[in-house]
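Biologist: Could you walk me through how to read a few backbone features? I would like the general idea and then a real case.

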Amino acid sequence: MTLETTLAAIGPADEQAMAAARELQGRLTKPAGSLGVLEELSVRLAGLAGTCPPPMPEPAAIAVFAGDHGVHAQGVTPWPQEVTAQMVANFIAGGATINAFARQVDASIMVVDVGVKIPLHGGENLLEANIRRGTHDLAVTTAMSEDEALTAIQVGLSVAGALVEGGAKCLLTGDMGIANTTPAAALIAAFTGASPADVTGRGTGVDDETYARKIDVITRALALHEPDPAQPITTLAAVGGLEHAALAGFILGAASYRVPVIIDGVIAASAALVAAALAPNSVAAMVAGHRSAEPGASVALANLGLTPLLDLGLRLGEGTGAALALPLVAAAVRVLREVATFDSAGVSEK
Ligand SMILES: Cc1cc2ncn([C@H]3O[C@H](COP(=O)(O)O)[C@@H](O)[C@H]3O)c2cc1C
Ligand SMILES: O=C(O)c1cccnc1
């Protein structure tokens, strides 16, 4: 699928299926509204699937998109860039937190190299789709060309397509890329109009000095590029990252198949803003897994009108918050599929 045909395929939520889900929730053997956010989620998932009840989000597939960042040169993170490649090797070996969580929730993991600096070697769950070995420094020039951003989006679209065609009923976003909270914050500032100070966080846990430098780097980048949110690809190319671009494509791909996509933390949330700017209806496919400790994530989710399911103070990325939210998404659907109605169970109504 090309980006153009994908965008054209992303329609609005099905109002009839949503009305049916709302009506069914009111007949199930529990006080109406008593499942709070999960009821709203079930209604949204019915609207996405175009049927009530919607399918269970199983099997679920996580895609971890990895890339490096030229802005690392500005000293926005204490970690060396080679950690990106080393962590990709860890994902392939099954030893990272996301591997443990994926096993916990029975989701598959695919790792996609879209921009890692150091060449990676094999592994059956590694997709080698490197576009360039790290972006340029967004504080001094555009991070990537628009062609490169489009190619990365295309990789994300293809990965979503392959996973859904392979049977996945729910997609989960994952990321790995030392320094990638900086382009994420820059994208969130560019698309929401929020100030750099309000969207910049401490990423892997940077000290006060690095934190102040990060805000300054993002402020300078926005002054240099003057990104226009009405030009999403130009904005993405100027201040984004290759994994952010691929994630935007992945989210759009899920939306075009009308399959839910669980948004993880701040990197995925920034990519979700790109996706929404390209196809506003894609928001119907997005489920916010959790509220990352990165302040930009909350700004982005509020802008998208999404309520995060979990709030655990997570600030890891990799897809960890999305994985932990998966059982809640499944539970929300299971209610519509399995809970008896007052009528069928012979329970008296008020
Ligand atoms: C060992 C390690 C494992 C990680 N797994 C995810 N991240 C997360 O932290 C990085 C972003 O934070 P910053 O912008 O501060 O560099 C990304 O790689 C993200 O996926 C990790 C970071 C480290 C160090
Ligand atoms: O919210 C995230 O995704 C996140 C936060 C800190 C570091 N890396 C990722």
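Modeller: Gladly, beginning with a proline: Pro 59 sits in the loop between α3 and β1. Helices (H or I, at least four residues) and strands (E, at least two) are DSSP runs, numbered from the N terminus. This is a predicted model, where local features need pLDDT of at least 70, side-chain atom pairs count only at pLDDT 80 or more, and totals for chains, interfaces and linings use all residues. Residues are numbered from 1 along each chain as its sequence is written, while chains are lettered from A and ligands numbered from 1 in the order in which they are written.

Biologist: Which residues does a cis peptide bond with omega of about -5° join?

Modeller: As a general idea, most peptide bonds are trans. Here a cis bond links Glu 58 to Pro 59, with omega about -5°. Another cis bond links Cys 52 to Pro 53, with omega about 0°, and Pro 53 also belongs to the loop between α3 and β1 (60–67).

Biologist: And what is phi for Asp 106?

Modeller: Most residues other than glycine have a negative phi. Asp 106, not a glycine, has a positive phi of about 60°. Its place is the loop between α5 (97–105) and β2 (107–115).

Biologist: Is Ala 179 buried or exposed?

Modeller: A residue is buried if 20 or more other C-beta atoms, placed from the backbone, lie within 10 Å of its own, exposed if 12 or fewer, and partly exposed in between. Ala 179 has 29 such atoms within 10 Å, so Ala 179 is buried. Asp 106 has 13, so Asp 106 is partly exposed.
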